[in-house]
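Subject: Handover of a structure and the findings from it

Dear colleague,

Please find below the structure that I am handing over to you, followed by an account of what was found in it.

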Amino acid sequence: MDARVINKGQLPELLDRLAKDYALFAPVREEETVTLFKKVAGAKEVALDYTNSDVSPKGCLFPQTEKTFSYIYTGDSLQINKNEDVQNTVIFGARPCDVRSILSLDPVFEGKFVDDYYAARRQNTVIIGLSCNKVLSTCFCNAFNSGPCDGTGSDLLLTDLGDKYYVEVNTDKGKSFVEAYGQYFASQGAEQLAKAKEELAKTLEGQFIRQVDLGGVKEVLDENFELPYWDKVFKKCLGCGICTYVCPTCHCFDIFDFTTGDFTGERFRCWDSCMFPDFTLMAGGHNPRPTKKERVRNRFMHKLKYHLDRYNIAGCVGCGRCIAKCPVNIDITAIIKDLKEVGQNA
Amino acid sequence: MHNPSPLIPYPATITKIVDETGDVKTFTVEFDDPEVMERFGNKPGQVAELSVFGEGEATISITSSPTRGKFLEFSVRRVGRLTSVLHQMEVGQKIGVRGPYGNWFPYEMMKGKDLFFIGGGIALAPLRSLIDFVLSEQYRKDYGKVEILYGARSYNDLCFKSDLFERWPKCPNTKVYTTIDRPEEGWTGHVGFVPNYVEEVNPSPENKIAIICGPPIMIKFTLAVMEKLGFSDEQIITTLEMKMKCCIGKCGRCNIGSKFVCVDGPVFSLAQLKQLPPEF
């Protein structure tokens, strides 16, 4: 594996250049408190002093609201124009858990029917990951064999080591990128920084408050669809859906038409949530998941079993956002622990 | 013309509308570009996404068999916003169609066997694509006796009346049983619920496949009868209705466990259904 070094002082210049050459998505602090990934015009807008963004970079590849096409229908003729909105993109500063989440989304949007909106963006995107320098109380990426300095899925992984970033070049795409911007990526000193990174990773491993062991959870869910446990858990849930919106692996969407004139309109897809009662409500009135119990169960089954069964990759990356943002403190790590206990008695 | 994206519909024109019941109409639809039909390649039991522009999309089963011609038929009940607008549309107006989606009835596996269709209400619509397929001149020889048992609340609620009373009974080695829930003036046929009528008809399970679709309650009681008559889980095929939106396994709303009905279904054998969580 190739490794390089970026001097921190040079980073703003690199980001300014990237903003010119690419659609550059980077963490931005909005209203001083919420960190999210947005398209930026330059280094000044980028906020790298965050541990985990409030909203994941999922939207860079799968936007919260996306026009799929527009139409003109005059009665005699119907014309449909696909929305072609693909730019060469760089996602800069994504944390390892969020990069992993993209690997969970890939098989969803690819597979038998390739979702070309996602696929085109994915293909044209360079992912520059950024190791964490701190572990939050809600973090549990270690449960998924990941960690604060895990480069899986990143084209480049940057690790902040004081006045320098250690840069791991993980893919061919990353290699071409480093070559294209060679003036910012020094080779000298990389070996020394590799050791410093290893030490940082070790230190951070010791900072996890949550020690989550997934062993046996899927087996419990494989054997038990009906568990009295779900009758208890769902009662707290408000059905607000925040867990699904902040989740970097949730991919559900709805499709809407918006008329722009008598004969014209646009179709959009927008993030949706399986926590909402009308998500599965059919026009005839039948609803296979009529109460919060079925919806809460479905969400956790999806994260801990269904996604894994279907795509052979976990549907959770341990980012901890659903724990941090839930207004009634529903905690997936507590549910994992409970399910193991419930399974022993089932 | 290749579809630029699986989420983009092909323009199509409504060429015929038949009033089936007070709230069900069958729309015949032809693609504006005939090449699309050539490539469409729908198989019995598959579904499509219908676009009513300005309203959105709805997943509707294709009720026509590909053996019948270069058109698609959709029988749509007026139950919501989009279907109400569709019901107001006229011949010559345009909609969008994308698909076909989902799996199909295992018609290869059914070859050489007798077929017993059981339908209730609007749910005859997905079965009709297979009925017309096996009764077509091209394929009739491949299948044994075909029986169709169909019921609705009243005479007016029976869909596909010309098929039931004229077209299908004239086909070789084919029998049609119809029933309505309650007696009514002028109806001389059978009266009673579908599951009871199935028990009366008493089909032998020998070398037979039963294909069932109907409201959940009808299916539940009919399955109990089929079990009593000795049908195995592998001999019972059904097609599920779930809320589907994207129909390409992305939007996440039609899952039953780790299966998505839009790509892994809608057709399942009872044996397969028993492997899934009971959430449909």
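**Cavities**

A search of the whole structure finds 8 cavities of 30 Å³ or more. Please bear in mind throughout that this is a predicted model. The largest cavity holds about 180 Å³ of space. Its lining is made up of 17 residues, and those closest to its centre are C237(A), C243(A), R299(A), C326(A) and I330(A). Two elements of chain A, helix 9 (242-246) and helix 10 (292-311), each give two or more residues to this lining. Helix 10 of chain A contributes the most, with 3 residues.

**Chain A as a whole**

Chain A contains 12 helices and 11 strands. Its C-alpha atoms fill a box of roughly 65 × 65 × 40 Å along the principal axes. For 346 residues, a compact globule would have a radius of gyration near 20 Å, and the 22 Å of chain A agrees with this. Of these 346 residues, 57% count as buried. Among the contacts in chain A between residues at least 6 apart in sequence, 72% join residues at least 24 apart. The accessible surface of chain A amounts to about 15,200 Å², and 49% of that area belongs to carbon and sulfur atoms.

**Helix 4 of chain A**

How many of the 8 residues of helix 4 (residues 116-123) of chain A are buried? The count is 6 of the 8, so the helix is largely enclosed by the rest of the structure. The buried residues of helix 4 are D116(A), Y117(A), Y118(A), A119(A), R121(A) and R122(A).

**Two loop residues in chain A**

N170(A) is located in the loop between strand 9 (164-169) and helix 5 (172-180) of chain A. With a relative accessible area of 30%, N170(A) is partly exposed. Once its neighbours within four places in sequence are left aside, N170(A) is in contact with M1(A), G151(A), S154(A), D155(A), L156(A) and L157(A). By C-alpha positions, N170(A) and N81(A) are 38 Å apart in space, and 89 residues separate them in sequence.

N329(A) belongs to another loop, between helix 11 (321-325) and helix 12 (332-345) of chain A. Its phi is near 60°, a positive value in a residue other than glycine. Is N329(A) buried or exposed? N329(A) is exposed, with a relative accessible area of 58%.

**Chain B as a whole**

Chain B has 8 helices and 15 strands. The globule rule gives 19 Å for its 280 residues, and the radius of gyration of chain B is close to that, at 18 Å, so the chain is as compact as a globular protein of that length. The C-alpha atoms of chain B fill a box of roughly 50 × 45 × 35 Å along the principal axes. Buried residues account for 61% of the 280 residues of chain B. Among its contacts between residues at least 6 apart in sequence, 68% join residues at least 24 apart. Chain B exposes about 11,100 Å², with carbon and sulfur atoms supplying 49% of this area.

**Backbone details in chain B**

Where in chain B does F160(B) lie? F160(B) is in the loop between strand 8 (146-152) and helix 4 (161-167) of chain B. Although F160(B) is not a glycine, its phi is positive, at about 55°. F160(B) counts as buried, because its relative accessibility is 2% and the limit for a buried residue is under 20%.

Cis peptide bonds also deserve mention here. One such bond joins G99(B) and P100(B), with omega at about -10°. P100(B) is part of strand 6 (residues 94-101) of chain B. A cis peptide bond also joins G265(B) and P266(B), where omega is about 5°. P266(B) is placed in the loop between helix 7 (261-264) and strand 15 (267-269) of chain B.

Yours sincerely,

A colleague

Definitions and conventions. Residues are numbered from 1 along each chain as its sequence is written. Chains are lettered from A and ligands numbered from 1 in the order in which they are written. This is a predicted model: local features need pLDDT of at least 70, side-chain atom pairs count only at pLDDT 80 or more; totals for chains, interfaces and linings use all residues. Side-chain values use heavy atoms; hydrogens and water are left out. On a 1 Å grid over the protein atoms alone, a cavity is a set of points where a 1.4 Å probe fits but cannot get out, and a pocket is an open set with protein on both sides within 12 Å along at least five of seven lines; lining residues have an atom within 4 Å of a point. Grid points are joined across faces, edges and corners, and a volume is the space filled by probe spheres set on the points. Helices (H or I, at least four residues) and strands (E, at least two) are DSSP runs, numbered from the N terminus. The radius of gyration is taken over C-alpha atoms; the globule rule is 2.2 Å times the number of residues to the power 0.38. Buried means under 20% relative accessible area, exposed over 50%, partly exposed in between (1.4 Å probe, protein chains only). Contact means heavy atoms within 4.5 Å. Accessible areas come from the Shrake-Rupley method with a 1.4 Å probe; for residues, only the protein chains shown count as cover.
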